[in-house]
Amino acid sequence: MSLAHKPTFHLTIDEARHLIRSKALSPVELTRGFLDRIDSVDGKLHSYLAVRAEEALAEARVAEAEILQGYYGGPLHGIPVAVKDQYDISGLPAAIRMKGPNEYKSTEDATTVARLRGAGAVLLGKLMMSGQPGNLPQTCNPWNLDFSPGGSRTGPGAATAAGLCMASLGEDTAGSIRNPASLSGLVGFKPTYGRVSRHGLAPLSWSLDHSGPMTWVVEDIAHMLQVIAGYDPKDPTSIPAPLPYYTASLREDLKGYVIGIPLNYIEETKPRLDPEILTLVDRALIELESLGARLENVTLPSLKVATLPNAVIYANEFFAAHRNEVGRLLKASAASRRARLYLGALPSTADYIQAQRVRSRVKREFAEAFTKIDILALPAQLQPAPRLEGTDALATLYKNLRPDFAGPFNLARLPTLCLPCGLNHARMPVALQLVAKPFDKPTLLRAGYTYQQHAKHYEERPPI
């Protein structure tokens, strides 16, 4: 389908930026198209918590005027995006912070939000997540409204997949970027810990939280990272490493790449792993091999014990972040948030220390493995999207969406990319996950881009 006949809400950022720069597409027209799409579709999906309709149109008018005057600020200039409620937007309610009925409004933008604004992006609004107060409707999966779009509710996955924004920002503590991206047919990127600022992000677990984007294609991940990544003095965990030019990685070239497959670990997960997912991931690996990569088995003994330490650290640090308001939160919070608080009160200091010891062992094993391989590849999910019944309860979510393939890489703080590798028999998305050594985003982007360009799973959209 030519761009001229493609619905604006099906455009990628990479496609829209060329149209905007050539003045063939107006940022105002584009933004109106997304606001109309939200009006017509989100009553079924429930992906948005708050829509900034008037403000977004005002921002689009500013972007359009700048471009007409000859100033083009880059690939996000005039591009409509949205962020998970966890990110502060100045003047908007921050429902997840739960400080009282009249105290939700943020007074400053999160650093990532400020950087999006600085790049000329149009902020459509805030997206649903789990743990918010009130009797909010569950977010639905745009591939099938009877199914969940993944853990952490998740507004970003549903909105981006359904064409209610061109990209979204999520947050990943145990898979909440990669899980919704996988179940919604998107590309999701969890960067190296410290690479993208978390200033202005409501904390879940300070040593596991990662900020990152969800988009429709790998090119758009590169455009988003170019804006949001980089050192931030407001974030004490931010790392001042040089920032590469990410779009330079978008070359179809895997010759000489060694891709490690943790066969022992995948075998260990088989009782919990949907066989159709394994079949589709195996096909993707064969495709990568046909494109020039070499596949090798890699043994990582600590993988099979990494999920529990991730959970212990997550629960402990979540409880610590909210210890001064536990009583109020247990009375007013959603069930999933209360469950996290109860879980956080259970582990002892000794449990937390032991979890950190396992983390050190996991990181050493990965460091050794990456002296022999360039990329680690494995499934991004154990199961396809579960049905919505009961998925707001933490226990049900954990049963259906266990982070066996996600949590270890939060624990080790490694950059991780998930991307679609097909649809199962029920036409629900399945994803491949690629992992690299710290700060090696270019390798991940090149591998993901090469696979994407040949597999072309991005050509199929949800039926909504």
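K234 and E108 form a salt bridge (a side-chain nitrogen of Lys or Arg within 4 Å of a carboxyl oxygen of Asp or Glu), with their closest N and O atoms 3.5 Å apart. K234 belongs to the loop between α7 (218–228) and β7 (258–261), and E108 to the loop between β2 and α4 (111–118), so the pair ties together parts that are 126 residues apart in sequence. Helices (H or I, at least four residues) and strands (E, at least two) are DSSP runs, numbered from the N terminus.

The model is predicted: local features need pLDDT of at least 70, and side-chain atom pairs count only at pLDDT 80 or more, whereas totals for chains, interfaces and linings use all residues. Residues are numbered from 1 along each chain as its sequence is written, and side-chain values use heavy atoms, with hydrogens and water left out.

**Salt bridges**

The whole structure contains 13 salt bridges. Three of them are tabulated below.

| Pair | Closest N to O distance |
|---|---|
| K234 and E108 | 3.5 Å |
| R427 and E460 | 1.9 Å |

R427 lies in the loop between β10 (416–423) and β11 (429–435), while E460 lies in the segment after α16 (441–455); the pair therefore ties together parts that are 33 residues apart in sequence. R427 is partly exposed at 43% relative accessibility, and E460 is likewise partly exposed at 36%. For this term, buried means under 20% relative accessible area, exposed over 50%, and partly exposed in between (1.4 Å probe, protein chains only). K6, at 22%, is partly exposed, as is E108, at 37%.

**Strand β4**

Strand β4 (residues 168–172) is largely enclosed by the rest of the structure, because 5 of its 5 residues are buried. S168, G170 and D172 cover one side, and L169 and E171 the other. Strands count as paired if DSSP finds at least two bridges between them. β4 runs parallel to β2 (residues 80–84), joined by 2 bridges, and antiparallel to β6 (residues 210–215), joined by 5 bridges. L169 is the bridge partner of V83 and, in β6, of P213.

**Nonpolar cores**

A nonpolar core is a set of buried Ala, Val, Leu, Ile, Met, Phe, Trp, Tyr and Cys residues joined through side-chain atoms within 4.5 Å. The largest has 118 residues, and those with the most contacts inside it are L116, F366, L376 and L432. Apart from this core lies another, of 15 residues, among them L183, A385, C418 and A431.
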